[in-house]
Amino acid sequence: MIEKALRGSPRYWGLIIGLLCVIGLGAGFWMFQLTKGLVVTDLSRDVSWGFYIAQLTYFVGVAASAVMLVLPYYFHHFKAFSKMIILGEFLAISSVTMCMLFVVVDLGQPQRMLNIIFHPTPNSVLFWDMIVLNGYLFLNLIIGWTSLQAFRNNMTPPTWVKPLVYLSVIWAFSIHTVTAFLYAGLPGRHYWLTAIMAARFLASAFCSGPAILLLLTLLVKRLTSFDPGKKAIDTLATIITYAMCVNVFFFLLELFTAFYSNMPGHMAPIVYLFKGFDGDTTLVPFMWTAAVLAIISLAMLIPYKIRQQGPALVTALILLVIASWIDKGMGLIVAGFAPNPFEKVTAYLPTVPELVVSSMVFGIGALMLTVLWKVALSVRAEVEGGNISMVPPKPE
Amino acid sequence: MKSSRRKFLKLAAVSALGLGAGRIGFLGDAPAGAMDIPTAADYNAPREAKHWGMAIDTTRFNQELVDTCATACHTQHNVPTIPGKKGIKWFWGANFEESFPTEHGHNLPEDVEHRTYPLLCNQCEEPMCVRVCPTQATFKRADGIVMMDFHRCIGCRYCMAGCPFGARSFNFQDPRPFIKNFNPLFPTRTRGVVEKCNFCAELLALGKMPACVEASGGALIFGDLEDPESDIRKVLRERFALRRKPDAGTGPSVYYLM
Ligand code: SF4
Ligand code: SF4
């Protein structure tokens, strides 16, 4: 089926070439980082993880979110998702790949990376994170590809896929739980030392991941004749709305625990994020932006009347993605390190090389996604008739 | 298996050094006061303990003495001098508030407030850095010393996130150009690995005391915490001592005599 990726419109090839350019540029900067060391980043003795690890955290969520389609579809026989499910699985594949690449670009000695396998260390959560991420990647590759092949040949997927699907549902929860455990459970990091960390991770994943999926799907719907169906879009939007409410609620729980208890260690990182601490206010504008965007997005998502309108939905989803990205892809990691063990703050903001190297990883993810979705949509077009080569959708 | 590998490496290193005993001229000038290259015989009487610990007589410390000890440590271990937030520190000093942030000491006696407290890796009994390291590059020896294998470290910096004491440093760049006094008897590091104080395990193996203890003029008391007759246990029986961040649960082996 992969040959479907080799025939496409000029626009498709333009996208591919554009992504390859981004990847090439980022690879150049990565070479630079490899020769100079992580000195090209803004990381320090105090903030020892930064943008790279934050992106890992965010995209693990995007990967895990595929379960928001798989679960209703397979467990509750919610057939409206039948057209989107493969897109969710393929998004998961490219997200997990990005996660693993973000770990690689973050290592000080990437050529020694296999030491994790040569010296397996079950007491380290990083070891388990590697296992669950790889496992999830393979599960989704196998399930996605086999189901697509079956669909193309007009057959039901082989029976051995079913148990794998059930496994992948549990597995999706595990990848984000284990990633949350990377942070939760470190005695010196108060912002992370909270039992609700894994739950918060899942809540934010289940709103931001499906939001990205829905945005991309709506984009594809605009550009091609592919239509996931109104019911699928509406249901996914509802799921996103609920997950976002839970996400915000969980954050409020953190606020209560920190401020009612009045424990300095628990309050400090939150004060740092929203007010500044020890004279450092680097993240304050970002965090307030996130808070405001989160509220606006909820205000637009909760009323069904607004949510079901296309443009409003798209706007709300974009705001939601930005808000959750600032929270998880910036604030979460840095606030774990600030204040540092000496109750001082060392500022951190990603440098240009960090951002360009990250864009290489984003580029690779986007390239994989483009190719996988192209294959999936071409197969669908072949089976159901119609074509996906940029024919505008038929008026309803 | 693992410990036998390390024993073998140690033996191999010892015999290599023993065969070539003498001065290795091409390695450059050793810093003043550096010892002769040890021979195998020098390893015959290592200092051993059930659990190594350190007591710090904080009443005797000021910035100057901290600097003396830090220089001794950093010279012994080829610790580079890199200014700024990407710096590398094995031994350094801080005020009371930074050293004991969870004490929130208000209205402290003036002399307590004005001391400079030496900081170093606490060689914890339950070291978080060992628990999180995915490659066992950080490991704890039977005598309580938490060590690092610089050649196995992948530079994931999980140990830095795990350590509640900020005791670890990362080589963001090649450290060699920043080494002031090169000691040919201790390895230098490459970029991309983490490092920290090792309680001078390499000197204990030679029957010597840690470099900072030697330099401190008696302000640092080093010994076996499990031997009731040791100097360190005697001084801990007599004087009030604090450990840093007991709530982190790592059980530091470094005690601060107040
Ligand atoms: S002080 Fe930090 S680096 Fe040293 S043993 Fe304890 S946890 Fe590990
Ligand atoms: S940076 Fe090195 S020592 Fe620290 S946890 Fe990673 S592999 Fe272990």
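Predicted model: local features only at pLDDT ≥ 70, side-chain atom pairs only at ≥ 80, totals over all residues.
The model scores pTM 0.90 and ipTM 0.91. For chain B the mean pLDDT is 88, with 86% of residues at 70 or more. The stretch to watch in chain B is residues 18-26, where pLDDT stays under 50. For that stretch the model has 8 contacts beyond four places in sequence.

Now the interface between the chains. On the chain A side, 44 residues are in contact with 47 residues of chain B. The size of an interface is often given as the accessible area lost when the parts come together. Here chain A and chain B bury about 3700 Å² between them, and 54% of that is on carbon and sulfur atoms. Which three residues supply more than any other three of the area that chain A buries against chain B? They are Arg45(A), Arg112(A) and Phe342(A), with 21% of that area.

What about polar links across the interface? Between chain A and chain B there are 33 residue pairs in polar contact, with both residues at pLDDT 80 or more. The elements giving two or more residues to the side of chain A that touches chain B are helices H1 (10-36), H5 (115-118), H6 (125-152) and H7 (161-183) of chain A. H1(A) gives the largest share, 3 residues. In classes, this side of chain A has 21 nonpolar, 15 polar and 8 charged residues.

Next, charge pairs. Side chains of opposite charge can pair when their charged atoms come close. The interface of chain A and chain B has 3 salt bridges. In a salt bridge between the chains, the side chain of Lys344(A) meets that of Glu98(B), at 3.9 Å from N to O.

Over all chains, the structure holds 15 salt bridges. One within chain A joins Glu3(A) and Arg152(A), whose closest N and O atoms are 3.5 Å apart. This pair links distant parts of the chain, 149 residues apart: Glu3(A) is in the segment before H1 of chain A, and Arg152(A) is in helix H6 of chain A.

Methods:
Residues numbered from 1 in each chain as written. Chains lettered and ligands numbered in written order. Heavy atoms only, no water. pLDDT = per-residue confidence, 0-100. Contact = heavy atoms within 4.5 Å. Buried area = accessible area lost by both parts, 1.4 Å probe. Salt bridge = Lys/Arg side-chain N within 4 Å of Asp/Glu carboxyl O. Polar contact = N/O pair within 3.5 Å; in protein donor to acceptor, adjacent residues only side chain to side chain. Helix = DSSP H or I, 4+ residues; strand = E, 2+ residues; numbered from the N terminus. Nonpolar A, V, L, I, M, F, W, Y, C, P; charged D, E, K, R; others polar.
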